[in-house]
Amino acid sequence: MSLSIANGGAQQKTNMRLDDTSHPGRPGLDELVPSRYALRVGEIDVMVVSDGVLSLPGAMLGHNVDPAVRAAWLEDMFLPPDMLEWALNAVVVRSGGRTILIDAGIGMDPGLNLPRTGRLIQRLEAAGIDLASLTDVVLTHMHMDHIGGLLIDGVKERLRPDLRIHVAAAETKFWESPDFSRVSMPPGFPDALRRTAKQFLDEYPSQLRPFDKEYEVAPGVLVTRTGGHTPGHSVVRLASGGDRLTFAGDLVFQVGF
Ligand SMILES: [Zn+2]
């Protein structure tokens, strides 16, 4: 993956700004650290917004290996052996008149004591991004930390009725009856994942736009099913004016670098 950011020469349209932080009359939205990052990929506007940090057992990264081997591997990567601090990021993309949210954060804490997560919707508003301005949502997959933001009370009512939600058909099929027999998760996670995915499928059937292999959401915004992390896991590739950016979802973790 190569990433370069073009600053000079690009024509900035006034209605394409993603970095407007002024929102008078909305107290309480500002945080000391905004937890967002805006860039341009050619003609495409991109803003990365943090949903927070999920603390997960390091064992989840390789539950079938000798714990001592796993601990040495993590330490070799300058990471603690017991707990993985998993950054949850979502992205807002504007291209060709469409405003696209890629992944939706974890939403309400699903009873798993995850106090540092679930900030996405609040941070979108703090960045001046109205939920009603979203034309599309792309889901890299249907784990609860990627769909939960859409299930917060009141969010669906603020989204446009003609919102299109793009997700791989293999992903919706998997979550109709998920098989977790070959994964290891902390207590409570399997039930929460099942429950959240079912609720999402129940609440957004008319917005769903499943794709088989690949779909171009907007000019230069291509979602492709890769599979692996989940059966329908997908990555989103942005390409414009010679610049490239790939949003890999949960395909890569910090131990991969
Ligand atoms: Zn995931």
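**The open sheet.** I began with the open sheet of this predicted model, and I noted 7 strands in the order β1-β2-β3-β4-β5-β6-β7, with mixed pairing. For these entries, helices (H or I, at least four residues) and strands (E, at least two) are DSSP runs numbered from the N terminus, and two strands pair if DSSP finds at least two bridges between them. I looked up the edges and found β1 (36-41) and β7 (208-211) there, each with a single partner strand, so one side of each has no neighbour in the sheet. From one strand to the next the twist averages 25°.

**What I took as given.** Residues are numbered from 1 along each chain as its sequence is written, and side-chain values use heavy atoms, with hydrogens and water left out. As the model is predicted, local features need pLDDT of at least 70 and side-chain atom pairs count only at pLDDT 80 or more, while totals for chains, interfaces and linings use all residues.

**β6, β7 and a helix.** I followed β6 (residues 164-168) and saw that it pairs with β7 in the parallel sense over 4 bridges, with alanine 168 opposite phenylalanine 211 in β7. Helix α5 (residues 169-176) packs on the sheet and touches β6 and β7, where contact means heavy atoms within 4.5 Å. The direction of α5 makes about 80° with that of β6; axes are lines fitted to C-alpha atoms, for helices over the stretch in contact, and angles run from 0 to 180 degrees between N-to-C directions.

**The zinc ion.** Which residues coordinate the zinc ion? I listed His141 (NE2), His143 (ND1), His229 (NE2) and Asp250 (OD), at 2.1 to 2.2 Å; donors are N, O and S atoms within 2.8 Å of the metal (3.2 Å for Na, K and Ca), and since water is not among the atoms, sites may look incomplete. Along the chain these donors follow the spacing H-x1-H-x85-H-x20-D. Histidine 141 lies in the loop between β5 (136-138) and α3 (144-147), and aspartate 250 in the segment after β11 (243-247), so the pair ties together parts that are 109 residues apart in sequence. I also noted that histidine 141 and aspartate 250 are buried, that is, under 20% relative accessible area with a 1.4 Å probe and protein chains only.

**β8 to β10.** Last, I traced β8 (residues 214-218), which runs antiparallel to β9 (residues 221-225) and is joined to it by 4 bridges. In their hairpin, with 2 residues between the strands, glycine 220 takes a positive phi near 80°. β9 is also joined to β10 (residues 234-240), antiparallel, by 5 bridges. Valine 221 stands opposite alanine 218 and opposite leucine 238 in β10.

Terms used. Buried < 20%, exposed > 50% of the residue type's maximum accessible area, 1.4 Å probe, protein only.
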